[in-house]
Amino acid sequence: MTVIGTDKLEVFIKRHAQARKPLQAWLAEVRKSVWKTPKDIKIRYRSSDFLAGNRVIFDIKGNSYRLVVKVRYEGSLVLVEWVGTHAEYDRKTF
């Protein structure tokens, strides 16, 4: 998959250094992945949740952080929409 919006991850990592390794691991794995359907994501990321519009929520670092992406399966694209702490996510409306 091609991941767009990684600059948002870098900005977040500057504020939350402990998120660096988990986010980098997620990014490396996703870049090697081929997702054709939401089922492909769910097989690997069992705790992932799905929203309307092909958006996916990932728990990062034992659910300390949340990552929201939009997936375009046909084009093999993943767009990072938002990353934050679990508490920030709870206040966010999607």
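In this predicted model, helix H1, which spans residues 6-15, has Leu9, Phe12 and Ile13 as its buried residues. Viewed down the axis of H1, these buried residues fall within an arc of 100°, so they line one face of the helix. An α-helix has 3.6 residues a turn, so residues three or four places apart point the same way.

**Helix H1 and its surroundings**

- The buried residues of H1 pack against H2, against strands S4 (65-72) and S5 (77-85), and against helix H4 (86-91).
- On the face of H1 that is turned away from its buried side, the exposed residues are Asp7, Lys14 and Arg15.

- When neighbours within four places in sequence are left aside, His16 is in contact with Tyr65 and Thr85.

**The largest pocket**

- The largest pocket holds about 150 Å³ of space, and its lining consists of Pro22, Ala25, Trp26, Glu29, Arg44, Tyr45, Ser47, Ser48, Phe58, Asp59, Ile60 and Lys61.
- Helix H2 (20-32) and strand S3 (55-60) are the elements that give two or more residues to this lining, and H2 gives the most, with four residues.
- Sorted by class, the lining of the largest pocket has six nonpolar, two polar and four charged residues.

How values were computed
Residues numbered from 1 in each chain as written. Predicted model: local features only at pLDDT ≥ 70, side-chain atom pairs only at ≥ 80, totals over all residues. Heavy atoms only, no water. 1 Å grid on protein atoms, 1.4 Å probe; cavity = no way out; pocket = protein on both sides within 12 Å on 5 of 7 lines; lining within 4 Å. Points joined across faces, edges and corners; volume = space filled by probe spheres on them. Nonpolar A, V, L, I, M, F, W, Y, C, P; charged D, E, K, R; others polar. Buried < 20%, exposed > 50% of the residue type's maximum accessible area, 1.4 Å probe, protein only. Arc of directions from axis to C-beta. Contact = heavy atoms within 4.5 Å.
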